Amino acid sequence: MSNYPEPTVSAIIFNPEGKMLICKSHKWGNKYVIPGGHIELGEKMEEALKREILEETGLYIYDIKL
C-alpha cells in the first residue's frame, strides 16, 4: 500500500444500445468493476484511459467525455 495518492483513470462505457460495460476483476476478489488503472509518469489522462481500456477490454474507445 502506498503512502500517497496515486492518479488513476476509469471509464463508464456504453454500447450503442445504452448498456453499460462492467468487468469481473480477479484483483478485487471477483467483484464487478468499471475498467481503469493508474496513470504512468508523463502520461496524459486521456492517453492513460485509452491504454487501460485497451489493456483490460481490448476495446478502442472514442467520444470521451469528462
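Predicted model: local features only at pLDDT ≥ 70, side-chain atom pairs only at ≥ 80, totals over all residues.
Reader: What makes Glu-52 count as buried or exposed?

Author: The relative accessible area of Glu-52 is 8%, and a residue counts as buried when this value is under 20%; therefore Glu-52 is called buried. In the protein chain as a whole, which has 66 residues, 24% count as buried.

Reader: Where in the protein chain is Glu-52 found, and which residues is Glu-52 in contact with once its neighbours within four places in sequence are left aside?

Author: Glu-52 is found in helix H1, which covers residues 45–57. With those sequence neighbours left aside, Glu-52 is in contact with Val-9, Gly-36, Gly-37 and His-38, where contact means that heavy atoms lie within 4.5 Å.

Reader: How many helices and strands are there in the protein chain, and in what order do the elements run?

Author: The protein chain has one helix and four strands, and from the N terminus on these elements follow the order β-β-β-β-α. Among the contacts with a separation of 6 or more, 37% are accounted for by residues 24 or more positions apart.

Reader: What does the C-alpha trace span along its principal axes, and how far apart are the mean positions of the positive and negative charges?

Author: The C-alpha trace of the protein chain spans about 40 × 30 × 20 Å along its principal axes, while the mean positions of its 8 positive and 10 negative charges are 6 Å apart.

Technical notes
Residues numbered from 1 in each chain as written. Heavy atoms only, no water. Helix = DSSP H or I, 4+ residues; strand = E, 2+ residues; numbered from the N terminus. Buried < 20%, exposed > 50% of the residue type's maximum accessible area, 1.4 Å probe, protein only. Lys, Arg positive; Asp, Glu negative; His and termini not counted. Charge placed at Lys NZ, Arg CZ, Asp CG, Glu CD.
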